[in-house]
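Trainee: I would like to learn how to read a few features of a structure. Could we begin with the packing of helices?

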Amino acid sequence: QYHDAFCDGKTVIVHLFEWKWSDIAAECERFLSAAGFCGVQVSPPNEHILKPDEGYPWWERYQPVSYKLESRSGNEDEFRDMVSRCNAVGVRIIVDVVFNHMTGVGQSGTGSGGSSFDANSLSFPGVPYGSNDFTPSSMCPSSDGGIHDYNNAEEVRNCYLTGLTDLYQGEDYVRQEIAGYLNNLISIGVMGFRVDASKHMWPGDISIIESYVNDLSTDAGFPSGSRPFFYHEVIDNGGEAISVDEYYDLGRVTEFRYCHNIRTGIYDFSQLGAVYRPEDGMCTYENAFIFVDNHDNQRSDSSVLTYKNGRDYSNAVVYTLAQDYGFARIMSSYDFSYSDQGPPSDGSGNTNDVTINADGSCGGGWICEHRWASISRMPRFRNAAGDTYKDNWYSDGSTVAFSRGSNAFFAINVDGNLNQNFQTGMPAGDYCDIITNCAKTVTVNSDGTANIVIDSYDDPFVAICQGSKG
Ligand code: LAG
Ligand code: CA
């Protein structure tokens, strides 16, 4: 009942974390379309709490007040304008939807869209939800109503996640309200949803909600009968009651073990071939949704690579896009020095515009990893590689090279100069190296071999693909 991304063969999305709708619309037009991006994951567009006393932390967006499209990223008109402008240039919008819970207990007042709410009495008139719409405390096995024991599925799904009022998706009214929110977004023209905290909801309930969700909008250019692209956030590092495979019928599933495995591989090339470890229960190829880091673990998990790791990080992202496992998302961050820190803003909770420097990089505290030179060229490679598998694998201590069927060839070298012949698996011809934007040419001989040169001062990759013939 779900489809993969419908993107005319484009396969990479970027999370423009905390960007405003007006900036995302501009980025679709000025950069993402030409670079071959399938789509953008946007921050939750619905009404959320405001925490001026805590400096407007980013996680306000994960405490819903209602499903009105009034958030720190902009209002409904701006959201609609973004969706239609991105669709017009072939870049799709994927919405981060938060429906496991509403705000934390103890929170009350007025949300970003002007709705009143009081979590203490479970009152959210902006939806409306009342006390009957939250998981009955009798269903939560923990003594204080919170989640502590991750070996107990009932506790993980029926109790409060870090004090957040837990919606009862077992109730049809709640399912209808959630589906109504998703259907409103679909009618505006979005392609799909990143579902927050799916681990904390019963797959059977999510399945019913998905069954209430409409096909994608033909007005927005989707073929009739297209189902939304769903991916579910399920943190499964093994050893807990809940595992990724419970969600395969519902869409793709986040694979957090990939974040750790790619870091290991970047520091030890002998491990790069093992970023997918089926023996660990990792998501299958068809179900995996992968990323080097996300907005949570970049600030909470010291064992993942982030933009702060510079070259090691871009190596990890480029390799991720070159290899064949999973549907890939690029993280696009803002700089932060403490984990709660909100996006660049004026101090009154108004997010700043993203500034673009003359050299194409971002300024004003926006990192824009997706614009880093070698990363930005790789969606084109991944699109050309399509659903082919790795082939002609070569690995030694400092070099890894492989083809993607006969569609593409990739090499990474991190240790000085490389000047070596490889089997590329590709038809003979002269190809432009997309990493150097065609400054370098690779000649594939009639037997498929090619001499590959990577100088130590280069970005340490060569990437050629069908369509890059010079
Ligand atoms: C997610 N996925 O399952 C998001 O990716 C993650 O960013 C969300 O947590 C979480 N689930 C709930 O949607 C974030 C922050 C939390 C924050 C929460 C709600 O990582 O730190 O909790 O959003 O805003 C905050 C405070 C807690 C407090 C809670 C309730 O940090 O101390 O208990 O609010 O008031
Ligand atoms: Ca729950």
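Trainee: How do the axes of helix α6 and helix α8 cross?

Mentor: Two packed helices are described by the angle between their axes and by the distance between those axes. In this predicted model, the axes of helix α6 (residues 257-267) and helix α8 (residues 311-322) come within 10 Å and cross at roughly 115 degrees. Because angles of 65 to 115 degrees count as roughly perpendicular, α6 is roughly perpendicular to α8. The crossing of these two helices is right-handed.

Trainee: Which residues make the contact of α6 and α8?

Mentor: On the α6 side they are Tyr258, Ile262, Ile266 and Tyr267, while α8 contributes Asp312, Asn315, Ala316, Tyr319 and Thr320. Sorted by class, the contact of α6 with α8 has six nonpolar residues, two polar ones and one charged residue.

Trainee: Are arginine 157 and aspartate 166 buried or exposed?

Mentor: The cut-off to keep in mind is that buried means under 20% relative accessible area. Arginine 157 has a relative accessible area of 3%, so it is buried, and aspartate 166, at 0% relative accessibility, therefore counts as buried.

Trainee: Where does threonine 388 lie, and which residues does it touch, leaving out those up to four places away in sequence?

Mentor: Threonine 388 is found in the loop between α9 (373-385) and β15 (390-395). Since its relative accessibility is 16%, threonine 388 counts as buried. Not counting residues up to four places away in sequence, threonine 388 touches Asp324, Arg404, Gly405 and Asn407.

Trainee: What is the place of lysine 469, and what is it in contact with beyond its neighbours within four places in sequence?

Mentor: Lysine 469 sits in the segment after β22 (461-465), and because its relative accessibility is 46%, lysine 469 counts as partly exposed. Leaving aside neighbours within four places in sequence, lysine 469 is in contact with Ala428, Gly429, Asp430 and Tyr431. As for separation, lysine 469 and lysine 68 are 401 residues apart in sequence and 49 Å apart in space, taken C-alpha to C-alpha.

Technical notes. Residues numbered from 1 in each chain as written. Chains lettered and ligands numbered in written order. Predicted model: local features only at pLDDT ≥ 70, side-chain atom pairs only at ≥ 80, totals over all residues. Heavy atoms only, no water. Axes fitted to C-alpha atoms, helices over the stretch in contact; angles between N-to-C directions. Helix = DSSP H or I, 4+ residues; strand = E, 2+ residues; numbered from the N terminus. Parallel < 35°, antiparallel > 145°, perpendicular 65-115°, else oblique. Left-handed = near helix turned anticlockwise from the far one by under 90°. Contact = heavy atoms within 4.5 Å. Nonpolar A, V, L, I, M, F, W, Y, C, P; charged D, E, K, R; others polar. Buried < 20%, exposed > 50% of the residue type's maximum accessible area, 1.4 Å probe, protein only.
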